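Biologist: Please show me the chain, and let us then go through the terms used to describe it.
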Amino acid sequence: MELDMAADELKSVLNRLKRAQGQIAGIVRMIEEGRDCEDVITQLAAVSRALDRAGFAIIATGLQQCMADGDRAVVDRDRMRARLEKLFLSLA
């Protein structure tokens, strides 16, 4: 399955991922500086949510594309559904 996202959807996902990248760098610094465990865990949870949302946005786009493509054979749709379900569950 190819990732075919509209420019605005792609921009949103990339922004989430870049924000998460910055948060991860911040977490590394926090650990290196010996910061409070609770602060580190709070930031890890925020990064996890950002990554999950980016993943869900990508999967939602895949679902939308799959549903919009009504010309596929039932077997192809079932196979696509199984692949998307597997991807979705990998984020759960």
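Modeller: Gly34 follows helix 1 and has a positive phi, near 75°. The model is a predicted one, in which local features need pLDDT of at least 70, side-chain atom pairs count only at pLDDT 80 or more, and totals for chains, interfaces and linings use all residues. Residues are numbered from 1 along each chain as its sequence is written, and side-chain values use heavy atoms, with hydrogens and water left out.

Biologist: What makes the pattern of the protein chain α-α-α?

Modeller: The protein chain has 3 helices and 0 strands; helices are DSSP runs of H or I with at least four residues, strands are runs of E with at least two, and numbering starts at the N terminus. Read along the sequence, this gives α-α-α.

Biologist: Why are Ala20, Ile27, Met30, Val40, Val47 and Ala50 called a nonpolar core?

Modeller: A nonpolar core is a set of buried Ala, Val, Leu, Ile, Met, Phe, Trp, Tyr and Cys residues joined through side-chain atoms within 4.5 Å. Buried means under 20% relative accessible area, with a 1.4 Å probe and protein chains only. These 6 residues form the largest such core, and helix 1 (7-32) and helix 2 (37-68) each give two or more of them.

Biologist: Which residues does Val40 touch?

Modeller: Leaving aside residues up to four places away in sequence, Val40 is in contact (heavy atoms within 4.5 Å) with Ile27, Met30, Ile31 and Arg35.

Methods
Buried < 20%, exposed > 50% of the residue type's maximum accessible area, 1.4 Å probe, protein only.
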